[in-house]
Amino acid sequence: MTSSPKARGAALTPGDHKSLASAIRALAMDAVEAANSGHPGMPMGMADAAVVLFSEQLRFDPRRPDWPDRDRFVLSAGHGSMLLYALLHLTGYPDMTIDELKRFRQLGSKTPGHPEYGHTAGVETTTGPLGQGFGNAVGMAIAERHLNARFGDDLVDHRTWVIAGDGCLMEGISHESASLAGHLGLGRLNVLWDDNEISIDGPTGLSVSDDVQARFRSYGWHVVATDGHDPAALSAALAEAAADPRPSLIACRTTIGFGAPTKAGTAGSHGAPLGAQEIAGAREALGWPYPPFEIPAAVAAAGRQLGARGAVAQDDWLGRLEAADPAIRGEFERVMAGELPAAMADAVHSLKATLASDPPKLATRVASQRALEAIAPTMPELLGGSADLSGSNNTKVKSQRVLTRDDAGGSYIHYGVREHAMAAAMNGMALHGGVVPYGGTFLVFTDYCRPSIRLAALMGIRVIYVMTHDSIGLGEDGPTHQPVEHLAALRCIPNLHVHRPADAVETAECWQVALERTDGPSVLALTRQGLPAVRTVHTGDNRVRRGGYVLFEADGERKVTLIATGSEIDVARKARDLLAARGIGAAVVSMPCRELFAAQDAAYRSQVLGNGTVRVAVEAGVRMCWDADIGADGGFVGMTGFGASGPYEELYKHFGITPEAVADEAGRLLAARNG
């Protein structure tokens, strides 16, 4: 291997290739058998392709798994996790010991049933839900080209490699993602398709008859087909793919469960242990006479030598980083570390002061655009987009130019009507590092994004979803577009922060909190309709950070606490005035982020919610999740079914989300309490 930054590996000897591929197959069989659970067939089928990829094309260094200019390897077919774990062990990742392989699928091991990001060094993304890894890889490839446009070949010049199965390519997300990748000309993206024609139910012909290669060619991909068990053919196919300027699909015709005497090529090797007799027959067929989990010294040495190949390229890259202009190096290290520029907080502070001095009536989607106009010039790493709703989501600002196949330096992506692909790609961008992704659609279409949102929360990565048209307040588009259960459904996802700001100031604060968060994703649920300003006194504090706070205290003794979010803050404020006219003191609590509020100490939560007061929540959605704050006996004014088509003012009256209804509910609860 030369010292060139683009140099990769050379072909293994036939003996070393065979021994490493056999080691992978044996480890997969043994680990699944020991766990009495797992998927041995895919690792056995793709072992040859994986060895060629890791030895000849993939640039990595087990000494530093997070090396910024490493190639990314995504196992989209995550059920075949033992393929990846075996490779990590054989190539010398320190944490992937033979004991960890023996603990496959056991509690607390580094070898869970499906690869988990942040849990195991060398795992680039959490995969298992088929097609998600494919979509993540598209985002990684976008991030690589974008950062290359910013920082040049010396610092950013790598590829994204994927192993995907038949199931990944059946899932709709892969269709959207492949189409986007072809449109953007992501030539650094290369997908090895495990074309074994087997799924859990049996032959794939039971359910599909697609011409997959023709489909990918129609997307603008380069496609090459090869024998997935012929190292020389695989080597030529991967080299051809790497040399082509288009994204590439390498169709590897393989036999699932390769080597198993009776289960190879059948669904019987897909998702269950092979059994002792079948494993013994496979060992004989593969010429692998060693006991379970035993790797001969010569094979182990070949694997370690393969893993050591990346050290030269990684050391050369460190030299280029050290030689770079100090300002460029500092900026590169800042964005790769995920650190925000100090100017961002200053921009939010100035915007809040402006908004307080001249309080506007704005839809929070428009307020979000105002926030982005202030923030984006301070954050070149901010990479935005929308699923064909830029003008409705208000996600594009003047300082952004569009990212295209000819201008990867742009900071705004037109995703088209591809919510699935957008959400998965944003996960890939965040995982790649160096960019902070956000993307928009209507809140009701978080249903299309939900699998990716859930995985972002599981992985704990910073992704921001700008979800507008957040309630029946969107009006005439009717119940198909009016989210009623979506806030509750999103709040049920652990580690997801759902923000529903009440006005322009709260919107700016929500943006700041979402950007500052590095351990999970955030949703901004924003209105279509204009909302009056409620934060008219400037404060340097970001009140959203605590999730909920007293916006208007009661006049006199507080007997009622009205809790609201977003557009319903104004309803609660007017209800407070009605209660005051009846001699009942009521406070209004703004709760832009219930997850942040739940994380506060008990004393603060009690102070905000009013110990001993009657509590009524008001939100143009369903009640679910609100009992934690109002109690099972608290009041709720909101939706109990789907919406309807009509002007939003009429809809609020029709569904009884009015100041009068809120005041009456509080009065009823007080009367019941007083007997």
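## Basis

The model is predicted: local features need pLDDT of at least 70, side-chain atom pairs count only at pLDDT 80 or more, and totals for chains, interfaces and linings use all residues. Residues are numbered from 1 along each chain as its sequence is written, and side-chain values use heavy atoms, with hydrogens and water left out.

Helices (H or I, at least four residues) and strands (E, at least two) are DSSP runs numbered from the N terminus.

## The sheet

Five strands make up an open sheet with parallel pairing, in the order E1-E2-E3-E7-E6; two strands pair if DSSP finds at least two bridges between them. E1 (72–75) and E6 (222–227) are the edge strands, each with a single partner, so one side of each has no neighbour in the sheet. On average, neighbouring strands are turned by 20 degrees against each other, direction ignored.

E1 and E2 (residues 160–165) run parallel and are joined by four bridges. Val74 has Val162 in E2 as its bridge partner.

## Helices on the sheet

H2 packs on the sheet and touches E1, E2, E3 (189–195) and E7 (248–253); contact means heavy atoms within 4.5 Å. The direction of H2 makes about 170 degrees with that of E2. Axes are lines fitted to C-alpha atoms, for helices over the stretch in contact, and angles run from 0 to 180 degrees between N-to-C directions. H5 (residues 132–151) also packs on the sheet, touching E1, E2 and E3, and its direction makes about 165 degrees with that of E2.

H2 (residues 41–57) has 17 residues and spans 24 Å from first to last C-alpha, close to the expected 24 Å (1.5 Å times one less than the number of residues). A kink of about 55 degrees is centred on Ala47; the bend is the angle between axes fitted to the seven residues ending at a residue and the seven starting there. In H2, 17 of the 17 residues are buried, so the helix is largely enclosed by the rest of the structure. Buried means under 20% relative accessible area (1.4 Å probe, protein chains only).

H1 (residues 14–35) packs against H2 at about 145 degrees, with the axes 9 Å apart. Residues of H1 including His17, Leu20 and Arg25 meet residues of H2 including Pro43, Ala47 and Asp48.

## Thr204

Thr204 lies in the loop between E5 (202–203) and H8 (212–218). Thr204 is buried, at 10% relative accessible area. Beyond neighbours within four places in sequence, Thr204 contacts Asp166, Met170, Glu197, Ile198 and Ser199.

Methods
Buried < 20%, exposed > 50% of the residue type's maximum accessible area, 1.4 Å probe, protein only.
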